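Here is a short briefing on one protein model. Look over the sequence and the structure, then read the points below.

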Amino acid sequence: QVPTTATSAAEEASLSILAATKDGLGNMYFIDLFLPQYDIAQGENTYDEIDAVEYCVFLSQYLLQQQEEDDASSSGKAVVYVKDQISLRRTTRVLDNREMKQLREEIRQKKKEEEE
């Protein structure tokens, strides 16, 4: 089955990475996606840099979660690099807005539950 979202792709990738490292090769990973530069002139052959970063975030979360389950004393970290400051600002802005929207929705749900 081919993953269709950043979340499902990250989950599948994390399972593959963890399966490949089960032999005690450590728990430090360097994953380079080798994505081409974003160029809208390429038409359908482009990717969404926000989705690419989101995929990396989800992948790191899955790997860190597994690491914590295996070793509760571990303090995992993850770093996602982007190509330049413009990409960083754009990605940060979009992901922060999504997070705020989700947080607002959670607050609304909580208030609704309290009222009932």
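Helix 2 and helix 3 each supply at least two residues of the lining of the second largest pocket. Helices here are DSSP runs of H or I, at least four residues, numbered from the N terminus. This is a predicted model: local features need pLDDT of at least 70, side-chain atom pairs count only at pLDDT 80 or more, and totals for chains, interfaces and linings use all residues. Residues are numbered from 1 along each chain as its sequence is written, and side-chain values use heavy atoms, with hydrogens and water left out.

**The pocket**
- Helix 3 gives the most to this lining, with five residues.
- Lining residues have an atom within 4 Å of a pocket point; among them are Val53, Phe58, Leu88 and Thr91.
- A pocket is an open set of points on a 1 Å grid over the protein atoms alone, where a 1.4 Å probe fits, with protein on both sides within 12 Å along at least five of seven lines.

**Threonine 91**
- Threonine 91 sits in helix 3, residues 85–115.
- Threonine 91 counts as buried because its relative accessibility is 4%; buried means under 20% relative accessible area (1.4 Å probe, protein chains only).
- Threonine 91 touches Glu49, Ile50 and Val53, not counting residues up to four places away in sequence. Contact means heavy atoms within 4.5 Å.

**Helix 3**
- The 31 residues of helix 3 should span 45 Å at 1.5 Å a residue, and its end C-alpha atoms are 45 Å apart, which agrees. The expected span is 1.5 Å times one less than the number of residues.

Key:
Buried means under 20% relative accessible area, exposed over 50%, partly exposed in between (1.4 Å probe, protein chains only).
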